[in-house]
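Work through the exercises below. Each has a task and a stepwise solution.

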Amino acid sequence: MLSVSFLIGLAFFIGLLFLGQPYLSWVAGTAIYLLGWYVSGIESPVFFTLIAVAAIAAAVFFATPVLRRQVLTRPIMVLVRKILPTMGETERIALEAGTVWWDGDLFTGKPDWNKLLDFNIQKLSEKEREFLEGPVEELCRMLNDWEIAQARDLSPEVWDFIKKNNFFGMIIPEEYGGLGFSAIAHSAVVTKVSSRSVTAAVTIMVPNSLGPAELLLHYGTDEQKNHYLPRLAIGEEVPCFALTEPHAGSDATATRSTGVVCKGTHEGAEVLGIRLNWAKRYITLAPVATVIGLSFRLSDPDGLLDGEKDLGITCALIPRDTAGMEIGNRHDPMGVPFQNGPIFGRDVFIPLDFVIGGRAGLGQGWRMLMESLAAGRSISLPALSVGATELAARVTGAYGTVREQFNMPIGKFEGIEERLSRIGGYAYLMNGARTLTCGAVDAGEKPAVVSAIVKAYLTEAMREALNDAMDIRAGAAISRGPKNIIGRGFVSHPISITVEGANILTRTLIIFGQGAIRCHPYVHEEMEAIAENDLARFDKAFFGHVGFVFQNMVRSFLLGLTFGRLVRAPLNGVSSSYFGKLTRFSAAFALITDLALATMGGSLKRKEKISGRMADALAWMYLGSAALKKFYDEDQPERDAAALQWSLDLSLYNIQEALRRVLDNFPNRPAAWALYVFAFPFGFRHRPPRDSLGAKVAQGLLEDGEFRLHVTSDIFIPPQNEEGLGRLEAALDAVVKAASAKNKIKNAVRTRLLADMPDTQLRDEAVKAGIITADEQLLLEKAEKIQDEVVQVDVFDPETYTGLKG
C-alpha cells in the first residue's frame, strides 16, 4: 500500500509538472499509477477502475479549453485579480520602460549560458580609440583636482577644451556635429576622466546622460533637433535637466511644478502656450546652463487643447534668458565643485513649440524619462564607480609595496592584504559588469532592471573599495592637499549613491519590484490578460506559470542536492563549476519569487526588506554572470583566475545569504519551511572567498604585477614627475628595481654575513663584502629617497590654511 500511495502522489505531481501539456500530464500520471498497482499486486479492480476513470476524466477536462476555462480558469482569474497589486498609469509606464535581457534568463531558473558567452560586446572603433588616446589623455593632463577644488570650478582653459573637442556631444550623432560614440566608448571616457577628477567627469557625464540631448534624439521634432543638437555638440549651448525638487525626489511623480495651458505673448505675437511655475534643486550644470530641460505637470483647465484637463508630466526646453526664471546660485555637494544649483520659475510663459516633441509630447514626459533612464543609467555612474575603484587598486597596490612598517611592506600584512583583495576583486568584477551592460545598450537593449543593478551595486562597491583604500593609506588619505590621491573620490562617493535613483529606493522597490513582473516569463502576461479581461490569454499564461513553478521546484531540489553538478558547463577549466552553481541559485530564486508572489500578492511591494534581499540575489547573479563573461571574452587568462574565483565565490555567498534572509523572514512559515527543503536541501554551504584566494588577488596588486596593470588599464596614469600618483608610480618602479639588492642584504644579515646596523652603513658594508654591487647600492639609495618622499603629506602655513577651500 505504501508504494501505491507513493506512486499515486508521484502521478499527480507529474501531472502538475506538465500542466502546460494536459494530455501528457494525465497519461503519465495514469501510467505511473498502473505501474504501482501492478508492482504492489493489489487485486482490487473496482478501486483500480475508479482511479483510472478519474484520471481519464481529468485528462479530458484539462484537454478541453472551453470547459477548463469556464469551470476552473475563470474563478482563478477572479481570485488572482484580487491578489495582484493595483497599478496606476505612472507605475505601468515605469514598469514597461526598457527591455528585458539577461535578467530575464536569470528569472527562468535555467539561464542559457551559451547565449551569454556568444553575445558580442561591441569593441571600440578606431575613431573612439583615437579619442581616448588623444583628447581624453590631453584633458586628463590638464586637470588638477586640488587646483579645481581651490578655484571651485574647472579652469576656463578646461571648459574651452571640453567644448571644442565635443565632450558634450558624445551621444549626439555625427550628422548633427556630435561624436556619435557607442555606449562602451562613452563609458570608457567617463572611467578615465573620473580617475583624474570627479568634477570634470560629472561635468562631461550630465550632457551625455539623461537630459536635453538624449530626449531630443528620441522624442524631439526635426526642428528641435536641427536647432539644438549641433549647438549642444560643440558646447555653444550648455544643458541641464531640472527634475528634482523639494517635495519630489525619488518620487518624481509627486512634482509640484505646474504648467497651465493658456495664451500669452512670445516674440511680440499672441500664441497658445504654457504658463509655468516651479522650484527645482540639485540640478547639475544649472548655474552655467544656457538651455534648461524642465519636467512639470501640465493641465488645460480651460480646454484650449480640446482634450483632457490633466495631461500629465511634460518635458520642455527653455532658454536661460526666458523672463521669470531665477538661475545661477549654487549648492555645495560635499565640497566637490561641479556646477550644481537650484532653478526657480515664476509665471514663465513658453509657446507649445518648446515642449519636447511639440504637441505630440504633451503629457508624454514620464514615458520619455523612464525610457531614457532605462539605458542612460547603465553608463555614467557605473563608469565613474569603476574609475574610482581602479584608481583605488592602482594606488593601494603601489602604496602597499612602497610603504614599510616593522621592516616589511605593509601589503604583506594580512590585515592590509584582506583590504587589497577586496579592492582588486571588486575592480575586476565591476569592470565585467560595466562592459557587459554597455554591450547590451550598444546591441539596442534598454535594460531597465540591469541598469538599476549596475547603478546601485557598482556605486555601493565603489564605496567599499574607497573605504578600504582610505584605511590602507591611513594618514596620507585623511590629510588634504595635492599629494592626496584618494580623498576627493572618498568625499564625493555619497553623491553617486544618491543621484539617478537613491540606492535604498533602487534596491528595495525598483530592482525586484520591476523585475518580478517585467522579467518573469509569465507574471506580466497574466497581468495584461487580467487588465484586458482576456480569459483565453490568462488561461494559457496561468497554467504555463503553474507548470513553471513545479519545474523549478524539481530543478531547484535536484540542483541543490548536486550543488549544480547536473548542469553541463559550456567551458572547462577554473570557471566550469560556477555555471552550475549560478544555475542552481537561478532556479531557487525563481521558485522563491513565485512563492512570494503567491503568498504575499499585492502586499509584496510593501515588504521592502524582502524585496531588497531578492534584489541582492538577482544583482549578484548578474554580477557573477558578468565576471564569467569577462573571463571568457579575455580568453580565460591564468593572470585573472584568482580574481574570477574571488568574484564568483563572493557572488554565490551573497546570493545564498540574501535568499537565506528572505526565507528567515518569510511571512508564510509553512511555505518557508518547504522552500528551505527545495532550495537548500543540504543547508547553506557557501562561504565567502577563502583567505588563501584573497591573498592571491592582493599579491596580484603588489609589486607592479601583470594583474595590477590589467585591472587598472582603464584609468589615467600621470607622468612620474607629477605629485601624487605620478610620484607613487615612480617610487614603486624604484622599489621593484631595488628589491633584489634589498633581499641580498636581508639574507646576509639573517645568515650573519653582515651585522645588523643602520641602512646607510649596511649598504656600504654590503658593497665592501661583495654582496651587492655599487650600481645596486645606487638603486637602493634612489628607492629609499623616493620612498621617503611619497610617504610625506601636505603641510600649509597658517595663512594658506585659512584660505583653503573644498
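Lys742 is partly exposed, at a relative accessible area of 27%. Buried means under 20%, exposed over 50%, and partly exposed in between (1.4 Å probe, protein chains only). The model is predicted: local features need pLDDT of at least 70, side-chain atom pairs count only at pLDDT 80 or more, and totals for chains, interfaces and linings use all residues. Residues are numbered from 1 along each chain as its sequence is written, and side-chain values use heavy atoms, without hydrogens and water.

**Exercise 1.** Find the salt-bridge partner of Lys742.

Step 1. Apply the criterion: a side-chain nitrogen of Lys or Arg within 4 Å of a carboxyl oxygen of Asp or Glu.
Step 2. Lys742 lies in helix H30 and Glu404 in strand E8, so the bridge ties together parts 338 residues apart in sequence. Helices (H or I, at least four residues) and strands (E, at least two) are DSSP runs, numbered from the N terminus.
Step 3. Check Glu404: at 22% relative accessibility, this residue is partly exposed.

**Exercise 2.** Classify Arg422 and Asp468, which form a salt bridge, as buried or partly exposed.

Step 1. Their closest N and O atoms are 2.6 Å apart.
Step 2. Arg422 is in helix H17 and Asp468 in helix H18, 46 residues apart.
Step 3. Arg422 has 26% relative accessible area and is partly exposed. Asp468, at 3%, is buried.

**Exercise 3.** Compare Arg660 with Glu657.

Step 1. Their side chains meet in a salt bridge (3.0 Å, N to O).
Step 2. Both lie in helix H26, three residues apart, about one turn.
Step 3. Arg660 is partly exposed at 26%; Glu657 is buried at 12%.
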